[in-house]
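Reader: I would like to learn how to read a few features of a protein model. Please take them one at a time.

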Amino acid sequence: MMKKITKIDELPKSQPSKSKLRVAAYARVSTDSDDQLVSLKAQRVHYENYIKSNPEWEFAGLYYDEGISGTKKEKRLELLRMIRDCESNRIDFIITKSISRFARNTTDCLELVRHLMDIGVYIYFEKENLNTGDMESELMLSILSGFAAEESASISQNTTWSISKKFQNGSYIIGTPPYGYANVNGEMVIVPEEAEIIKRIFAECLSGKGGSVIAKGLNRDKIPARRGNHWSSGTVIDMLRNEKYKGDVLFQKTYTDSNFNRHINNGEKNQFYCKDHHEPIISREVFSKAQKLITQRAKSMSKTANKKAYQNRYVLSGRILCGECGSKFKRRTNYSVGRSYIAWSCKGHIEDKDSCSMLFLRDGEIKATFSTMMNKLAFSKKLILEPLYDSINKIDEECDLARIDAIDKRMEQLTEERNTLIGLMTKGFLEPALFNKERNVLDKEIKNITAEKSNLVMSFTSGSSQADEVKALLDYVSADKFDGNYTDEAFEKFVENIIVNSRDELTFKMKCGLSLIEKVVR
């Protein structure tokens, strides 16, 4: 029997679905000049038309960074966004003008290219006619990106040279002037309302306030810092140190190294000081006094930095001393019948109750007692503070001036004695050993009285004398806005420390020299 064979025709092969290549473009200009922005606009139009005209491509977006340098990829937000879109599988292929537009740093370039290749995204550099999809392009890419890095460094060097020349002739334009000034046609022009804040900051500094207290006051009065930020102690100190407020400019405070990292210039590069560069907000005299006060305060803080690590936490910290054992009081949270409250306890008592019997005081009791004392001062200011200020002011000035005059006369005597000594030595009338002994004695006294005079002059010119402390206290309790309530600011400004005589009596040691005993308010 014959087998019957039926032919089954070959089925037509199904056509694989052909999806379009999703192509994005990246463009960048490194400055925000008009010419460069026109170039950016041209690049955007070119790539959009170029990609859309290819029927096998799908336009996946145009990414561009403008007005920034290409040396740091971290600053190129659009580039980073494009990388994220590649990682999210939204892009298959990237077109860009050249390696130098894509990266100016060899390491960054290779790192980006390799990362994109790992996730299946390739780049076409038009100028170099280089497609990273070709494996042999890796070596060429390394070489070309190296050239791009050199080109970037060359441009940076030329720019640095140009800027340095502008520093030297004072023609460098400060693009972002400090708070208080605006850049108007390349000139630093005073912003009146901000200038008033600058004057307030310097005035408060000269009145004895630190950066932290000044910043708190500005925030409390809802005065916005630049860009709407809050004021900080660091910001205030930087402003007090800024020579631009007296009309001068120190150029090249910072510099950029060969790896495009920014550094503070501690003498590694030349600096250029331009006097009377623009209109000042603060007089040179006020600026100079502020610098002396800041330096003095910094030295004082430095000496006690370790000791005050804990003390700075609260305004009362480190300022309450036990009248029985001399220990400082420590802030604690006490609990009683399901309630808690802040109290200050003697460290000596905490460690050994037998050696010190002083019990704790509530935080509110101490502050209420301080408030009572300040109200009494306000009530009796004409009997206490005003006469005290008049007498101390006169004594202070007279004593300081008299001592400075005496130091000057003594300095003349010592200088004359020293010259005589040198003359005798030169003529051979003195033995070297005796000469050195006598000269050392004179030099030591000259050094000591020179330091004493410097301190007196600084105290005299900085307004930090005892008389000024009394005046500040008098002004505070006499002000219309004085309401008698406790404030951390007032306590910090006027109180040196508190001696706890007993749980019922405190002695406030004031910075102006007064010691005021007050019954504890409960």
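Reader: Which residue in β7 is the bridge partner of A182?

Author: Two strands pair if DSSP finds at least two bridges between them. Strands are DSSP runs of E with at least two residues, helices are runs of H or I with at least four, and both are numbered from the N terminus. Here the partner of A182 is V189 in β7. Strands β6 (residues 181-184) and β7 (residues 187-190) run antiparallel and are joined by four bridges. They form a hairpin with two residues between them, and N185 in the turn has a positive phi of about 55 degrees.

Author: A word on the source: this is a predicted model, in which local features need pLDDT of at least 70 and side-chain atom pairs count only at pLDDT 80 or more, while totals for chains, interfaces and linings use all residues. Residues are numbered from 1 along each chain as its sequence is written, and side-chain values use heavy atoms, with hydrogens and water left out.

Reader: How many residues does the largest nonpolar core have?

Author: In soluble globular proteins, nonpolar side chains tend to be buried together. A nonpolar core is a set of buried Ala, Val, Leu, Ile, Met, Phe, Trp, Tyr and Cys residues joined through side-chain atoms within 4.5 Å. Buried means under 20% relative accessible area, exposed over 50%, and partly exposed in between, with a 1.4 Å probe and protein chains only. The largest core has 40 residues, and F370, M374 and F508 are among those with the most contacts inside it. Elements that give two or more residues to this core include α12 (363-379) and β17 (505-510). A second, separate core of 29 residues includes I174 and V249.

Reader: How many aromatic pairs does a search of the whole structure find?

Author: Rings of Phe, Tyr and Trp (its six-membered ring) pair if their centres lie within 6.5 Å; planes under 30 degrees apart count as stacked, over 60 as edge-to-face and the rest as tilted. The search finds 13 pairs. The rings of W57 and F93 have centres 6.2 Å apart and planes at 45 degrees, so this pair is tilted. W57 is in strand β2 and F93 in strand β3, 36 residues apart. Both W57 and F93 are buried.

Reader: Where does the charged end of R362 sit?

Author: A charge sits over a ring if NZ of Lys or CZ of Arg is within 6 Å of the ring centre and within 35 degrees of the ring normal. The charged end of R362 is over the ring of Y341, 3.7 Å from its centre.
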